[in-house]
Amino acid sequence: MRAFISSQPIILVLIALVAVFTIVADGFADAANISNVLRQTSMLGIVAIGMSIVVLTGGIDLSVGAVVALATVLVAGIANTHPPILGINLALFAGAAVGFINGILIAGLHLQPIIVTVSTMAIVRGLAMWLSDSRPIFGTLPKEFFQLAEGLIAGIPVPVIIFAVLAVATMLFLGNTRTGRAIYQIGGNEEAAVLSGIKVGATKVIAYTLCGTFAAVAGIILTARMQSGDAVRTGMGWELDAIAAVAVGGISLMGGRGHLVGAICGVLIIGFLANAFNLMGINPYWQRIVIGLVLAVAVVAYNERIHAFLLSRRRAQQPARGVPAPAE
């Protein structure tokens, strides 16, 4: 356990932040407040799980926020005339389809992930706005559906349980399946992965499909929380938050390295930061600035070239073994 924590210093950072916020933000450590933060953060956490899978391949997905919005529109809109389960299934299918298309364009046509997913982000957001006429949709959703967001099981919020189950399942997938290990290998060295017989294209398609599906799951839970669908504001900036959580958690944005536990800690750090800022009355705009700064610091902190440069400088400043240091 000690060895694992030492390999994941972000865990210690999270514990330190919680301790600081408990002191400086009144009410932060209240059980009700922590429960509410975990409930809210779990939806972003689900998106971050999918983003982690894609980033581990050396890619990125900027369409996840738009997929979240589309899922809310589909669930709330279809509930007006059909059983909610139809909207839920359609939302899951739409999320998987968007991810699948991203994967095909990136792996099959060898297009840049950032270009592909920016394009699908605009298309999916536009589709959601067209379906909703850019207005909130208040569907006739049953009260049982709202339990997805507001329910408790053994005192634990249902969204937190869903988040935890998906996180554990993803960890097992990445660490104990051939496809999961291939994701790491592709991100570490794609050419070597090809030479070793890994089906790089198919693996990337799976990664992006999972990412889109996880975003749709988050959108379904968010629909239950908002009790409506909204294409305009829902999911805005979630792609940045998810990438920030992944980067802060130590998953290399170049791919191939990192652990999902780090991304989960990154999500919690972002959620606790936002909550503490609210409790302290800090302007919400500063939250976005801090998240941007945290992302920049994380990229620098985990950048291998910077580490190599600093190490070379340190070695250059040290006298060679057996050679006395020059006199002052």
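Histidine 110 is exposed, with a relative accessible area of 65%; here exposed means over 50%, buried under 20%, and partly exposed in between (1.4 Å probe, protein chains only). You can find histidine 110 in the loop between α5 (84–108) and α6 (113–132). Its C-alpha lies 9.3 Å from that of glycine 201, although histidine 110 and glycine 201 are 91 residues apart in sequence.

## About the model

This is a predicted model, in which local features need pLDDT of at least 70 and side-chain atom pairs count only at pLDDT 80 or more, while totals for chains, interfaces and linings use all residues. Residues are numbered from 1 along each chain as its sequence is written, and side-chain values use heavy atoms, with hydrogens and water left out.

## The chain as a whole

The chain has 15 helices and two strands. These are DSSP runs numbered from the N terminus, with helices being H or I of at least four residues and strands E of at least two. Of the 328 residues, 47% count as buried.

Among contacts in the chain with a separation of 6 or more, 77% join residues 24 or more positions apart; contact means heavy atoms within 4.5 Å. The chain exposes about 16,600 Å², and carbon and sulfur atoms supply 67% of it. Accessible areas come from the Shrake-Rupley method with a 1.4 Å probe, and for residues only the protein chains shown count as cover.

## Inside: the nonpolar cores

A nonpolar core is a set of buried Ala, Val, Leu, Ile, Met, Phe, Trp, Tyr and Cys residues joined through side-chain atoms within 4.5 Å. The largest one here has 82 residues, and Ile46 and Phe145 have the most contacts inside it. Helix α13 (residues 260–279) gives this core its largest share, 13 residues. Apart from this core lies another, of five residues, including Ala182 and Ile198.

Leaving out residues up to four places away in sequence, isoleucine 46 touches Ile162, Phe163, Leu166, Phe214, Val217, Ala218 and Ile221.

Val20, Ile23, Val24, Leu279, Met280, Ile282, Trp286, Ile289 and Leu293 make a nonpolar surface patch of about 830 Å². The elements giving two or more residues to this patch are α2 (10–24) and α14 (284–301). Patches are built from residues with over 30% relative accessible area and no salt bridge, joining nonpolar side chains (Val, Leu, Ile, Met, Phe, Trp, Tyr) within 5 Å and like charges within 9 Å. Tryptophan 286, found in helix α14, is partly exposed at 48% relative accessible area.

## Charged pairs

Side chains of opposite charge can pair when their charged atoms come close. A salt bridge is counted when a side-chain nitrogen of Lys or Arg is within 4 Å of a carboxyl oxygen of Asp or Glu, and the count comes to four. One of them joins arginine 225 and glutamate 150 (3.7 Å, N to O). Arginine 225 lies in helix α11 (residues 200–226) and glutamate 150 in helix α7 (residues 143–150), so this pair ties together parts that are 75 residues apart in sequence.

Another salt bridge links lysine 204 and glutamate 190 (3.0 Å, N to O). Lysine 204 is buried, with a relative accessible area of 13%, whereas glutamate 190 is partly exposed at 35%. Arginine 233 also pairs with aspartate 230, their closest N and O atoms being 3.1 Å apart. In that pair, arginine 233 is exposed at 59%, while aspartate 230 is buried at 8%.
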